[in-house]
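Please examine the chain shown below together with its coordinates.

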Amino acid sequence: MALPVLLAITIHEAAHAYVARRLGDPTAALLGRVTLNPFKHIDPFGTVLLPLLLLFASQGALMFGYAKPVPVNTRKLRNPRYDMVWVALAGPLSNLLQAVLWTLLLAVLLWLGQQGLYEPFFARMAWAGIMVNLVLAALNLFPLPPLDGGRIAVGLLPARPAHYLARLEPLGFFIVLGLLWLNLLDRYWLYPLLEAGLQVLLQPLQWLGLPLP
């Protein structure tokens, strides 16, 4: 899973920075965040230490982390409120695109397997790429700041509810952790979206008669 995870996180963060630059804010680009170098996006605590601590503390039941936030100066965006929606949406969309590309690679590998050229390692990597990117997209689309879905909701909601939702941002991280710990976020949000995503991506492979791993 190492390569799919690194690509998923790196491209997600680089997509935020790239779209922000295209919409008028070069802040992240000037900091070198429009790059596929994963070290530019890794947060020592949020990407490495926190997931390990949660994994051990929960005995393998919970793992959660985050990359280094991409700085966005909304005052430099041409249309701050709605441009921020596109900046936030860029990350999850990049994960969905990666899930599609990993599915195409999986289809090619499964077809090669029917020709007697099957390599299970790469097929498992492609499957991991699909799962990792679908989970990241679904998690980040949850409508609570500071997740991308929360920023999207703040940009689309009317002014008053958007204001109240934005005020939750300092507590959002802890709310998400609590929902994960109680198995509410995965049961009622992640699993349904993951199942729907897999259905859409894998149905064409089944139509082609390719055996799924």
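## Basis

This is a predicted model, in which local features need pLDDT of at least 70, side-chain atom pairs count only at pLDDT 80 or more, and totals for chains, interfaces and linings use all residues. Residues are numbered from 1 along each chain as its sequence is written, and side-chain values use heavy atoms, with hydrogens and water left out.

## Record annotations

An unreviewed UniProt entry places the feature "domain: Peptidase M50" at residues 2–109 and 125–161. The entry, also marked unreviewed for "transmembrane region", lists residues 41–64, 85–113, 125–144 and 164–182. Such annotations may be inferred rather than shown by experiment.

In the model, residues 85–113 are 100% helix and 0% strand, with end C-alpha atoms 42 Å apart. Residues 164–182 are 84% helix and 0% strand, and their end C-alpha atoms lie 24 Å apart. Helices here are DSSP runs (H or I, at least four residues), as are strands (E, at least two), numbered from the N terminus.

## Helices 8 and 9

Helix 8 (residues 169–181) packs against helix 9 (residues 184–207) at an angle of about 95 degrees, with the axes 5 Å apart. Helix 8 is therefore roughly perpendicular to helix 9, a term covering angles of 65 to 115 degrees.

In this contact (heavy atoms within 4.5 Å), V176, L179 and L180 of helix 8 meet L184, L185 and L190 of helix 9. The residues of the contact divide into 6 nonpolar, no polar and no charged; nonpolar denotes Ala, Val, Leu, Ile, Met, Phe, Trp, Tyr, Cys and Pro.

## Nonpolar cores

A nonpolar core is a set of buried Ala, Val, Leu, Ile, Met, Phe, Trp, Tyr and Cys residues joined through side-chain atoms within 4.5 Å, where buried means under 20% relative accessible area (1.4 Å probe, protein chains only). The largest has 17 residues, and L106, I130, L134, L198 and L205 have the most contacts inside it. Helix 4 (80–114), helix 5 (120–140) and helix 9 each supply at least two residues of this core, the largest share, 6 residues, coming from helix 4.

Leaving aside neighbours within four places in sequence, I130 is in contact with A99, W102, T103, L106, L198 and L201.

## An exposed valine

V200 is found in helix 9. At 61% relative accessibility, V200 counts as exposed, the cut-off being over 50%. V200 and V100 are 100 residues apart in sequence, while their C-alpha atoms are 9.8 Å apart in space.

How values were computed
Axes fitted to C-alpha atoms, helices over the stretch in contact; angles between N-to-C directions. Parallel < 35°, antiparallel > 145°, perpendicular 65-115°, else oblique.
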